[in-house]
Amino acid sequence: MFDVLIKNANLPDGLEGIDIAIKGGKIAEVAPGIEAEAGEVIDAGGRLVTPPFVDPHFHMDATLSLGLPRMNVSGTLLEGIALWGELRPTLAREALIERALRYCDLAVAQGLLAIRSHVDTSDPKLVTAEALIEVREKVAPYIDLQLVAFPQDGYYRAEGGVDALNRALDMGLDIVGGIPHFERTMADGAASVSALCRIAADRGMPVDMHCDETDDPMSRHIETLAAETVRFGLQGRVAGSHLTSMHSMDNYYVSKLIPLMAEAEINVIPNPLINIMLQGRHDTYPKRRGMTRVRELMEAGLNVSFGHDCVMDPWYSMGSGDMLEVGHMAIHVAQMAGIEDKRKIFDALTVNSAKTMGLEGYGIAKGCNADLVILQARDPQEALRLKANRLAVMRRGRVIARAAPRISELHLEGRPVMVDAAAYAPLRPGTH
Ligand SMILES: [Zn+2]
């Protein structure tokens, strides 16, 4: 007797007509035609069932603060950082928690059940860290939340930056962050990478740095990050977030750099929505895209996962917590529109980002956590095209969010009565 039996699911790897049996919050069996009693039977009806979406790069301390204390007029990264600097000292712990929890509600509704958030440690009061640690506990039953100690104003550049970051780690943040391209000089940036990797090695923590988020092709901190990763034996535990300068680098240099990154097993985290919005701002025309070299990095065997980065904050006035929107933009910016390309992009929102975050028990296989999303689409390509509706979101075998199918009723002579956005054929054979 199973707790739940999902019938007739399509899986992201292309298998169709699969049943998934769940018991005790875990996946007990994955096979076609499972005939067994179950407390609840859910008919997936040939729709895509996927493990949950995973966002490996977000800023939960800033989310949903759009317009506070004013809008970002130039739309640039640097004005965003300045604006956040105005807002930060005014933030109250309760308000931070309330906004973060509201975002987590949106995330759950979108099947986004694991998030790595950077937490700004620049203000020595560390209200942000205090608040997000509380949020991490509150949402633990339904979201895996990892917190990165992130020195937004610079580890060396900001007064007290070194002390504040270390105190934030002592308080219980999970990961060492950094922002080498924002330090005063290239040399300071490189020194910060070394110092932060040493802290991670000493504390046995992963590293996730905002690295080279600039159009400057000479911003080469990723080279130092890869080298220090190997020197400290941190292979596989280090992420380079953004890496936008690689877009503008000389091809010959990149041909040397990518193998060094592969040797260090760097997890690459582009943020397509934010990169296309914030980079290339000093260009006239032609204008650079500013996203790192996704296809080439994937082909070199690096683990690439996409982050949402921002939702309605000083840097980005858009966003909705929908990782399919992130993937949709990635397809356009990376020009990866082939069937196999789209499958890789879908992986970059799910399995690859789970690997970046080191999540255990993730996936659709016997013994994995019964964390699943049923989408109103038949396959990953269609899910990305439609930014498909999440019909059901399940955590440890329990449905924690449900949505009605998106169906339109038509009033047209001689045309179908209903259309399902995910179906090429009419939903019902009848016509008016
Ligand atoms: Zn970021």
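Colleague: How do strands β2 and β3 pair?

Modeller: This is a predicted model, and in it β2 (residues 18–23) and β3 (residues 26–31) pair in the antiparallel sense over 5 bridges. I22 stands opposite I27 in β3.

Colleague: And how many residues sit between β2 and β3 in the hairpin?

Modeller: There are 2 residues between β2 and β3. G24 is in that turn, with a positive phi of about 60°.

Colleague: Where does P32 sit?

Modeller: P32 is in the loop between β3 and β4 (38–50). Setting aside neighbours within four places in sequence, P32 is in contact with G17, I18 and D19.

Colleague: Is P32 buried or exposed?

Modeller: P32 has a relative accessible area of 58%, so it counts as exposed. For a sense of scale, the C-alpha atoms of P32 and H282 are separated by 55 Å, and these two are 250 residues apart along the chain.

Colleague: OK, on to the metal. Which residues are the protein donors of the zinc ion?

Modeller: The donors are H57 (NE2), H59 (NE2), H210 (NE2) and D309 (OD), and they lie 2.1 to 2.5 Å from the zinc ion. Along the sequence the spacing of the donor residues is H-x1-H-x150-H-x98-D.

Colleague: Why is the arrangement around the zinc ion irregular?

Modeller: It's down to the angles: the 4 donor atoms subtend 85 to 178° around the zinc ion, and therefore the arrangement is irregular. For four donors to count as tetrahedral, all angles have to lie between 85 and 135 degrees. The ideal tetrahedral angle is 109.5 degrees.

Colleague: Are H57 and H59 buried or exposed?

Modeller: Both H57 and H59 are buried. D309 is buried too, with a relative accessible area of 3%.

Colleague: What's the phi of D309?

Modeller: It's near 70°, a positive value in a residue other than glycine. Most residues other than glycine have a negative phi. D309 is in the loop between β12 (303–304) and α11 (323–333).

Colleague: Which residues does I179 touch?

Modeller: Not counting residues up to four places away in sequence, I179 touches F150, P151, Q152, G154 and H210. H210 is one of the zinc donors. I179 itself lies in the loop between β8 (175–176) and α5 (186–203).

Colleague: Is I179 buried or exposed?

Modeller: I179 has 2% relative accessibility, so it counts as buried. The C-alpha atoms of I179 and G189 are separated by 7.6 Å, with the two residues 10 apart along the chain.

Colleague: Back to strands. How many residues of β5 are buried?

Modeller: 6 of the 6, so β5 is largely enclosed by the rest of the structure. β5 and strand β6 (residues 112–120) run parallel, joined by 4 bridges. The bridge partner of F53 in β6 is L112.

Colleague: What about cis peptide bonds, where's the one with P69?

Modeller: That cis bond joins L68 and P69, with omega about -15°. P69 lies in the loop between β5 (53–58) and α1 (77–87). A cis peptide bond also joins Y285 and P286, with omega about -5°. P286 is in the loop between α9 (272–278) and α10 (294–299).

Colleague: Let's zoom out. How is the chain divided into domains?

Modeller: Domain 1 covers 2–51 + 363–423, and domain 2 covers 53–357. The contact takes 19 residues from domain 1 and 25 residues from domain 2.

Colleague: How far apart are the C-alpha centres of the domains?

Modeller: The centres of domain 1 and domain 2 lie 31 Å apart. The two domains bury about 1,700 Å² between them, and 67% of that is on carbon and sulfur atoms.

Colleague: Which three residues supply 40% of the area that domain 1 buries against domain 2?

Modeller: L384, R390 and R395, more than any other three residues.

Colleague: Last one: where's K387, and what's its phi?

Modeller: K387 is in the loop between α14 (380–386) and β14 (390–395). Its phi is near 45°, a positive value in a residue other than glycine. K387 counts as partly exposed, at 30% relative accessibility.

Technical notes: Residues are numbered from 1 along each chain as its sequence is written. This is a predicted model: local features need pLDDT of at least 70, side-chain atom pairs count only at pLDDT 80 or more; totals for chains, interfaces and linings use all residues. Side-chain values use heavy atoms; hydrogens and water are left out. Donors are N, O and S atoms within 2.8 Å of the metal (3.2 Å for Na, K and Ca); water is not among the atoms, so sites may look incomplete. Four donors count as tetrahedral if all angles lie between 85 and 135 degrees; four count as square planar and six as octahedral if opposite donors are over 155 degrees apart and all others between 65 and 115; anything else is irregular. Buried means under 20% relative accessible area, exposed over 50%, partly exposed in between (1.4 Å probe, protein chains only). Two strands pair if DSSP finds at least two bridges between them. Domain bounds come from an automatic or database domain assignment. Contact means heavy atoms within 4.5 Å. Buried area is the accessible area (1.4 Å probe) that two parts lose on being put together, summed over both.
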